[in-house]
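Please go through the contact between the chains, and then one of the pockets.

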Amino acid sequence: MKKPVYLDNHATTPMDPRVLEAMLPYFTKMFGNAASRNHSFGWEAEEAVEKARKQIADLIGANPKEIIFTSGATESNNLAIKGVAEMYAEKGNHIITAATEHKAILDTCKKLEKEGCRVTYLPLKADGLIDLDMLREAITDKTILVTIMYANNEIGVIQPVAEIGAICKERGVLFHSDGVQAVGKIPVNVITDKIDLLSITGHKIYGPKGVGALYVRRKGPRVQLTAQMDGGGHERGMRSGTLNVPGIVGLGEACAICQKEMTAESARHRQMRDWLKNKLEAELDETFINGSMEHRLPHNLNMSFAYVEGESLLMGINDIAVSSGSACTSATLEPSYVLKALGVGDDLAHTSIRFGIGRFNTQEELEYTAKRMIEVVRKLRDLSPLYEMAKEGIDLSKVQWAAH
Amino acid sequence: MAYSDKVLDHYNNPRNVGSMDKNSPNVGTGMVGAPECGDVMKLQLMVNPDSGVIEDAKFKTFGCGSAIASSSLATEWLKGKTVDQALEIKNTDIVNELSLPPVKIHCSVLAEDAIKAAISDYKQKQSVGQAEAVTAH
Ligand SMILES: Cc1ncc(COP(=O)(O)O)c(C=O)c1O
């Protein structure tokens, strides 16, 4: 077994060697510009791009013409939200999203608020799911867009996307979903889910970084976007810039592999994840699962280990790469806003660890991870005044802390 | 974040972990921080009432590696010092000894606060003890 063990597959995934294989010729031999219409270099690049477009479309039940290439999901999210807000400004200025969205959604919405849009941030239920009745009530005649992620990057909770899509359709509101964590991992279908815009990125599905796509519905309704970058009018005028041909080939191949292997892979990941969860729960007391276990990506586990601060836990398992919702591990020095939105107290948020299982993880790696986690949690609890107090029967919520 | 060797050493081999009888008149207990803030330190010291020298010190800390290291180091420094000398320990001494980066300075502040809180608890017990001794006469 090679160390360190990588179990942070929600942050990014290693590239599948088959993807790299597919990309390589397009860096050197077949380097053409896909927009060059009058020679074979351009044609072969264009052919590769169109093949990738179809591979991506096939994975999500779309038509290849509905796929717009971008530099990744941050750009896809920005283009979808800003593009709709600008294009449909005459129709309305109200956007609905949720508190647990990725920053690429939330910060885009905040920017639009400064520019005169009104944004509703739906609260979440304790299990991380949105309340569909609240969504229904939030929609007004000024609402132009609902943007709700397919699955969350921290807690892996899968939203009732098909229901959201149906509500939006019924009310004549466009529906965008950040599909980054779900596409390629669980079945996503823009027709049955009634999604109008869907963001995808390469590096979460064993493809390259810096390349992504935005699905833009062409029929029923035909969605229009105002381009956010001016230039040569590539990608049906929605996203200018010479196409990243090797990256796009990689994204396409990554999608094709996911489509082929998803059923078997997700079953394998679910089994590994459940094993890890059961092992940790059997060996350690006072662990808490964050978010719904039922509506969750098969490869995600987000668990709080009460009375043990997350950063110190990561330090103890330093040959295992996972992430924590602890403030100490975030740039803002605030505990995870996702856990906060679920009503998880800051005390438990500081003790949370996210495990993300990926294509190249083995059961042996999980067994090693469980063993190390159990050792380190026990060691740190022996060091924890909170654990000691809890064991003495003191109710920590009633203690007057000398907060600083 | 990269940790200094000294932080790693204290994290891997914390000194003086444990608890003392907080009801003993010779033991001062300081508990600072809050679970919501991600760090809580409990620092205890046992003073020889005749010499005023700290004979033993123990800690338990919930917090990041730097918080654990700061309190572990504090217990090492406390032993053998008089109460007055202990009050002179500054958070900056801890920062320098452990090479803490700016984002971790609050850990050293917390350790200094814990020392002060433990000493003030000890002093309060002593004065109450004396007052009781006086009224007993
Ligand atoms: C849910 C979600 N949306 C968007 C992004 C941003 O994607 P990208 O890194 O391709 O810009 C990420 C990844 O960090 C993500 O997890």
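The questions and answers below concern a predicted model.

Me: How much area do chain A and chain B bury between them?
Reply: The size of an interface is often given as the accessible area lost when the parts come together. The contact draws on 27 residues from chain A and 30 residues from chain B. Carbon and sulfur atoms hold 66% of the buried area, and the total is about 2,500 Å².

Me: Which residue of chain A forms a salt bridge with Lys104(B)?
Reply: Between chain A and chain B the count is 3 salt bridges. In the one made by Lys104(B), the closest N and O atoms are 3.0 Å apart. That is within the 4 Å cut-off for a salt bridge, and the partner is Glu311(A).

Me: Which helices of chain A each supply at least two residues of the side that touches chain B?
Reply: Across this interface there are 15 residue pairs in polar contact, both residues at pLDDT 80 or more. The side of chain A that touches chain B divides into 13 nonpolar, 6 polar and 8 charged residues. The helices that each supply at least two of its residues are α8 (310-316), α10 (346-349), α11 (363-382) and α12 (385-391).

Me: Which residues lining the second largest pocket are the closest to its centre?
Reply: The second largest pocket has a volume of about 260 Å³. Its lining has 10 nonpolar, 2 polar and 4 charged residues. Of the 16 lining residues, the closest to the centre are Ala306(A), Tyr307(A), Asp347(A), Leu348(A) and Leu396(A).

Terms used:
Residues are numbered from 1 along each chain as its sequence is written. Chains are lettered from A and ligands numbered from 1 in the order in which they are written. This is a predicted model: local features need pLDDT of at least 70, side-chain atom pairs count only at pLDDT 80 or more; totals for chains, interfaces and linings use all residues. Side-chain values use heavy atoms; hydrogens and water are left out. Contact means heavy atoms within 4.5 Å. Buried area is the accessible area (1.4 Å probe) that two parts lose on being put together, summed over both. A salt bridge is a side-chain nitrogen of Lys or Arg within 4 Å of a carboxyl oxygen of Asp or Glu. A polar contact is a pair of N or O atoms within 3.5 Å; within protein, one must be able to donate a hydrogen and the other to accept it, and residues adjacent in sequence count only if both atoms are side-chain atoms. Helices (H or I, at least four residues) and strands (E, at least two) are DSSP runs, numbered from the N terminus. Ala, Val, Leu, Ile, Met, Phe, Trp, Tyr, Cys and Pro count as nonpolar, Asp, Glu, Lys and Arg as charged, and the others, Gly among them, as polar. On a 1 Å grid over the protein atoms alone, a cavity is a set of points where a 1.4 Å probe fits but cannot get out, and a pocket is an open set with protein on both sides within 12 Å along at least five of seven lines; lining residues have an atom within 4 Å of a point. Grid points are joined across faces, edges and corners, and a volume is the space filled by probe spheres set on the points.
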